[in-house]
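Please open the structure in the viewer and keep the selection tool at hand.

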Amino acid sequence: MHRLAFVTIVLALWSLLHVSAAPIDDVFGVERSLSLGNFSLTNRGTWLVEYYAPWCPHCRAFAPKWHELVQRVDFMAQETENPFTLARVDCVEEAELCGQEHITGYPSAKLYKNGKTVENNVFKIVSRDIDRLEEYIRNEFEATHPAFAKNAALNNAPSGSGSGSGALVPVTHLTEFGMRPIETIEQLNRYFGPDHGQGPSFVKYYSPSCPHCRAMAHDFELAAREMVGQVNPIAVNCQKYSDVCAEHDVGGWPHMRLMNDGNSIVYPDFGREKDDFLNWLREQNVLDAVRPVDSKSWFKKIKMKKQSVLHLMPQSDLEVQLLDEVKSRVKTDMQFLVSSDRTLSRRFGDSGAILVFNDNPYRPMAKLPLSSITMNIDQGTADTVARWLDMQNEPLLLELTGPDAGESLHQDPPTVLAALSSEKSATVLELQLQQLRSVAQSWRSSPDLSRQPLRFRWFDVDGREANPLKVIYDIDVKSVPSLYLVAGALGTPYKYPKSSRWIKQDKVIKWLNDVQAGRVANGLDDSLLARTLSVGSAAEEVNPVLIVLVVIAILCVIPRTRRFLLRLFSGTRANRKIV
């Protein structure tokens, strides 16, 4: 019976370790799944299908990358003609289908066009790098969508060249006349002429021998870096190109002009420092203005700036006025665009909303419907929306490192801090970080403006740096992974009441809402009993098998209970002793 008790205790401890090491409820996410019953879907359009097994470590490590790849190119699946769709097959559940498709290793991927296999091993040819996979997918998509290919070629082409009547694109840096893409007087005049997509230009005529020109050169370069994407910064060396300056009636140096849609405005003697240039351009309503775009120009504009805000299909003048006010209040360097193009509305499936793009011009990272906001607009609405936009530019998740890592916890806004371990498994750590990123993205991109901004950070309990929770709050982390919400050195720390699993997104979001609404009392109990028998929201996730094993293990330690169980399960009278 001692052996039975020992085995039961070992099983209980193993179960406890096992469930706490499962960082993600479903590592493979919610991407489209194919089975033998619905595999005929691949008969229409182009399909890239990944075959995997849940037990395969390479598959589990690749799962978050596949999820990101789906997000990048999912708009292709919405096309009515020749859609391009990504899907997955679980070869444990669908062994017959994987055998039928001759799958011999995991993960692997096959490309199908209208039901026919055109590539048997995409990962072998392209690799599992998502950037290279995205490029491969786009090339295949463009092959069946000539209009998309033409638009992509225009978007990725160097800035307009030649003296023809084709479209121009903005320059990407301070551009000297005589260098690509402005090498001839004809090309320069096209940039200064009617708008063909290039936007306004701020030109500096100068001479290297001019002391005033040399004195302002650095400030003009700094201003050029900030105006790129909205205004084209151009410089013309009048000592080298005196004929150009004579044709443009430049009589002295330095001389600056704003060229906007064929109109010329001379820069006044307003000052020659960076802020002087930028403020004057703002007064001319060409810098930090809300710019109109359509289905042909939106992509070029968004690619020019790291972060862009697109107001799609404004529904009222109130929305337009609100966005103008928001633009003046945001602290982040972003460009504001507006479009009434129904093609864009169909592409993104929104109207009367602002879409935020960051790094990925094909998929907005956040959406905010404005219809409900403008119904209850007040003096604080613009500040609230500006705060929401600034929050979208925050890093999604950062690691706290260095001797002063804990100092950041003193700052606003409050911080969601995860204590993780890198000692056991790099794969498990990456999965935990991926789920934490999902929670962070869900929190900050929510259109619920009543949510307060939060920063998401993590630290390695096995790292060399001191535990920031110990330094600031005198909290010993007794188990990992664990999650805390902290608000400054004097604020009350809260510990997420996890039970048998790592965080689940919907539970954590609900917990954060409850904390901010004052419905949660602070608590930092980190004992085994507290985690096993926790009540409230955590009790919903307690593993019943774990509870039974723990109870049996405890009972087996008591001699009287052990004898009772022996009498109960024994088949011989010799063992039935009166206690």
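In this predicted model, begin with the largest pocket, which is lined by 40 residues. Select Glu68, Gln71, Asn360, Arg363 and Met365, the lining residues that lie nearest the centre of the pocket. The volume of this pocket is about 1,300 Å³.

Next, colour the elements that give two or more residues to this lining: α2 (57-73), α5 (130-144), α6 (146-156), α11 (298-303), α13 (342-348), β14 (366-369) and α16 (426-445).

Which element provides the largest share of the lining? It is α16, with seven residues.

Now select α16 by itself. This helix has 20 residues, and from its first C-alpha to its last it reaches 28 Å, close to the 28 Å expected at 1.5 Å a residue. Within α16, highlight the buried residues: Leu429, Leu431, Gln432, Leu433, Gln434, Gln435, Leu436, Val439, Ala440, Trp443, Arg444 and Ser445. In an α-helix there are 3.6 residues a turn, so residues three or four places apart point the same way.

For the last stop, move to strand β2 (residues 84-90) and select Thr85, which has its place there. Is Thr85 buried or exposed? Thr85 counts as buried because its relative accessibility is 6%, and the cut-off for buried is under 20%.

Notes:
Residues numbered from 1 in each chain as written. Predicted model: local features only at pLDDT ≥ 70, side-chain atom pairs only at ≥ 80, totals over all residues. Heavy atoms only, no water. 1 Å grid on protein atoms, 1.4 Å probe; cavity = no way out; pocket = protein on both sides within 12 Å on 5 of 7 lines; lining within 4 Å. Points joined across faces, edges and corners; volume = space filled by probe spheres on them. Helix = DSSP H or I, 4+ residues; strand = E, 2+ residues; numbered from the N terminus. Buried < 20%, exposed > 50% of the residue type's maximum accessible area, 1.4 Å probe, protein only. Expected span 1.5 Å × (residues − 1).
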